[in-house]
Amino acid sequence: MPPLGPRFSPGNLRAAADLVAMATRHAVVARSALPPEAIVRKPDGSIVTAVDVALQVLILTRLEAIFGEVTVIAEEDLSSIGGKAAAESHCRALLKTWGYEGGESGIVRALSIGGHAGPTRDVDACWVLDPIDGTQGYVDGDHWCPCLALLAYGTPVFAANGYPTVRGGQLLAGEAGGGAFWSPLEGGARTRARVSVAPLGADEMLRVVAPARATARQIEMRLEVGRSTGHPCTLVHSDSQAKYAHVIAGLADVAYSRRGGGPGKYVWDHAGAVLLAHEAGAWIGDTDGSAIDCSLGRRLEGNNAVICAARGIGPTIASALAERDRVEGVPRARSAGGIA
Ligand SMILES: [Mg+2]
């Protein structure tokens, strides 16, 4: 893989991480005064807030000021809250509070440039941004996180995720080959993230992450998959990339996201955690043990699941989920021959 250009210097990447930390703090404050009319539905029916959109505008504008023009895959666009006057008005008010000076043209630009749709394996640099991963959790007072990753030729090489609900509020950031580091969102010393690989004791409880709004079937399935390791099993509730952060932080032993019979999962919901988990020493991969391929565009079309595990249980969980896919008739996702 050719090296990134000089604009992706360690100092500039540190500025990008600081930007995500600041954006996360802004979102925490904005959440405390979020009017109901600022929470709307996107055309696809999913929930979005004026904060999601304002954060995307702020982050992409500031990134462009630091790094210049870079290919972008971002979750929000002009249709996210477009035409919803009260939500748009709240978005503008937030941006003003945050010192944004890009004007209307800047807003339109930041919501127009994140639509890159094709594969990224031939793209030298591509930002992957989810301004708020877990918007439902944001509204409910549950887990959520702003997530930024940088792909170089389709492979995550930098990530910064803000986790206001994990370990008292932390940024987790890292570069490929350089480790992942926790830093308190409110400031303080950074510490290296290290995932435990010590095997579970014979009767030790395995902690599996389940969604806060899990269905009875999802709960039962997670308990069954967890018990396949031979250990008693309990559930830890988390959603968004915060579920992977729980494993990295030692608050859970395994988190996973299955594709099932649907389309590939969105790359912005996983790319950063894929790098950060790897750098922290977690087991991260698919049901057949292959790596997560982030190079295929907006979705992870090449993988059946993203599994993040500690304590050496990754391969056992992968086998259990592969068997689940077989029983449910879920086909293998296409292999693009470009496993990252
Ligand atoms: Mg989002």
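Helices (H or I, at least four residues) and strands (E, at least two) are taken here as DSSP runs, numbered from the N terminus. The structure is a predicted model, in which local features need pLDDT of at least 70 and side-chain atom pairs count only at pLDDT 80 or more, while totals for chains, interfaces and linings use all residues. Residues are numbered from 1 along each chain as its sequence is written.

We can begin with the overall picture. The chain holds nine helices and 16 strands. Its radius of gyration, taken over C-alpha atoms, is 19 Å, close to the 20 Å that the globule rule (2.2 Å times the number of residues to the power 0.38) gives for 340 residues, so the chain is as compact as a globular protein of that length. The C-alpha trace spans about 60 × 45 × 45 Å along its principal axes. A residue is called buried if 20 or more other C-beta atoms lie within 10 Å of its own, exposed if 12 or fewer do, and partly exposed in between, with C-beta atoms placed from the backbone. Buried residues make up 50% of the 340 residues in the chain. Two residues are in contact if their C-beta atoms, placed from the backbone, lie within 7 Å. Among contacts between residues at least 6 apart in sequence, 72% join residues at least 24 apart.

Next comes the division into domains, whose bounds come from an automatic or database domain assignment. This assignment gives domain 1 (6-192) and domain 2 (206-328). The C-alpha centres of domain 1 and domain 2 lie 23 Å apart. Their contact takes 35 residues from domain 1 and 26 residues from domain 2. On the side of domain 1 that touches domain 2, the elements giving two or more residues are β4 (126-133), β5, β6, β7 (170-175) and β8 (179-184). By class, that side of domain 1 has 18 nonpolar, eleven polar and six charged residues, where Ala, Val, Leu, Ile, Met, Phe, Trp, Tyr, Cys and Pro count as nonpolar, Asp, Glu, Lys and Arg as charged, and the others, Gly among them, as polar.

A nonpolar core is a set of buried Ala, Val, Leu, Ile, Met, Phe, Trp, Tyr and Cys residues joined through C-beta atoms within 7 Å. The largest such core has 104 residues, of which Val 247, Ile 248, Val 254, Ala 277, Ala 282 and Cys 308 touch the most other members. Helix α2 (residues 50-67) gives the most to this core, with ten residues. The core draws at least three residues from each of domain 1 and domain 2. Ile 248 is in contact with Leu 172, Ala 193, Val 195, Leu 276, Ala 277, Ala 280 and Ala 282, leaving aside its neighbours within four places in sequence.

Turning to the sheets, two strands pair if DSSP finds at least two bridges between them. Seven strands form an open sheet with mixed pairing, in the order β3-β4-β5-β6-β7-β8-β9. At its edges stand β3 (71-74) and β9 (191-192), each with a single partner strand, so one side of each is left without a neighbour in the sheet. Four bridges pair β3 with β4 in the parallel sense, and Ala 74 stands opposite Leu 129 in β4.

Strand β12 (residues 254-258) is mostly covered, with five of its five residues buried. In a regular strand the side chains alternate between the two faces of the sheet. Both faces of β12 are covered, with Val 254, Tyr 256 and Arg 258 buried on one side and Ala 255 and Ser 257 on the other. Strand β12 runs antiparallel to β16 (residues 305-309), joined by five bridges, and Arg 258 stands opposite Ala 305 in β16.

Tyr 153, in the loop between β5 (145-152) and β6 (155-163), has a phi near 50 degrees, a positive value in a residue other than glycine. Tyr 153 counts as partly exposed, with 18 C-beta neighbours inside 10 Å. Ser 240, in the loop between β11 (233-237) and α7 (242-248), likewise has a positive phi, near 65 degrees. Ser 240 is buried, with 28 other C-beta atoms within 10 Å. Leu 78 is found in the loop between β3 and α3 (85-97) and is partly exposed, with 14 other C-beta atoms within 10 Å. Not counting residues up to four places away in sequence, Leu 78 touches Val 108, Leu 111 and Ser 112.
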